[in-house]
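Reader: Could we go through this structure slowly, a piece at a time?
Author: Gladly; here it is.
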Amino acid sequence: MREIVIISGKGGAGKTTIAGAFAHLAENAILCDLDVDAPDLHLLLDPDKREESEFWSGHEAVIRAEDCVHCATCLNMCQFDAIEFSIEGYSVKPFRCEGCKVCVELCPAGAIDFPERKCGHWFVSDTRFGTMVHAQLFPGEENSGRLVTLLKQQARQRAEAGGLDLVLSDGTPGIGCPVIASLAGTDLAVVVTEPTPSGIHDLERVAELCEGFRTKVAVLVNKWDINPAMTEKIEAYCRDKGYTLLCRFPHNRAAVDSMLERKVLTEYDPGGLGTLLKQAWKDTLALLEK
Ligand code: SF4
Ligand code: SF4
């Protein structure tokens, strides 16, 4: 079984548009949306939820008002400004609590509980392109490498059980803990970038991470025509590093229009932009075999 993840050095580079089209073109694949902070793939794939599970991660402090002796130790010691005092007494603002446990340890009355924190749900769904594993965090919950790892494990297990030979994931943007979790065990990363100074900077950073994981890198330049000179610079960088340049993808309104119609680009414009993406997908698969 092989794994491909679509990533970008930052959000908004067009990663999900490409992931949606590749999901359409992939055969015998399980789909996975690892971008749990901004899960957009479901907008394109319209999943029909088949299984739903809770996601618990970390802990949060909860003050038992009846045992609190109003000493203000927790208020003074919390580095995250998560404790508040009101007419009803001391309480914890759950969205601010980082679960550091300092208040729990220092409370002289032992009045602070420290239960596990329910952060959201994850799902296994049917889509018109096959099974998808995805998640929804509660508002205010931050992206979590643990959730990304869990989704990947579920996708792998289900691919194996179903005799599927590919896990295709819409990865997380950036270079933090979630993208590290996205890359672990992945064979090939398709990095979607834009021809801007920050785009090339982000590409360099994320490609470096891929190298750390010995993950092959292929690059797709989105909106290449907004800055052809910068596109050439990206191409020169890819040649220098030995990364495959999959495709120069033009700036277009079709990506937005297709999303409004809840279609992927290869469905919305099969003969035009779809042709470019079909070739990019063919080249991606060929690269996987090298
Ligand atoms: S440290 Fe404990 S006893 Fe003191 S205010 Fe906070 S909850 Fe109440
Ligand atoms: S667990 Fe840490 S972050 Fe949360 S309220 Fe206590 S001291 Fe503040």
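**A loop, then a helix**

Author: Ala72 sits in the loop that links β4 (62-63) and α3 (73-77), where helices (H or I, at least four residues) and strands (E, at least two) are DSSP runs, numbered from the N terminus. This is a predicted model, in which local features need pLDDT of at least 70, side-chain atom pairs count only at pLDDT 80 or more, and totals for chains, interfaces and linings use all residues. Residues are numbered from 1 along each chain as its sequence is written, and side-chain values use heavy atoms, with hydrogens and water left out.

Reader: What is the phi of Ala72?
Author: Ala72 has a positive phi of about 75°, although it is not a glycine. With a relative accessibility of 15%, Ala72 counts as buried (under 20% relative accessible area, with exposed over 50% and partly exposed in between, using a 1.4 Å probe and protein chains only).

Reader: New topic: which residues of α8 are buried?
Author: In α8 the buried residues are Met230, Thr231, Ile234, Glu235, Tyr237 and Cys238. Seen down the axis of α8, they fall within an arc of 160°, so they line one face of the helix; the arc is that of the directions from the helix axis to the C-beta atoms.

Reader: And what do they pack against?
Author: The buried residues of α8 pack against β11 (188-193), α7 (197-212), β12 (216-222) and β13 (244-249), where contact means heavy atoms within 4.5 Å.

Reader: Which residues are exposed on the other side of α8?
Author: On that other side, Ala229, Lys233, Arg239 and Asp240 are exposed.

Definitions and conventions. Chains lettered and ligands numbered in written order.
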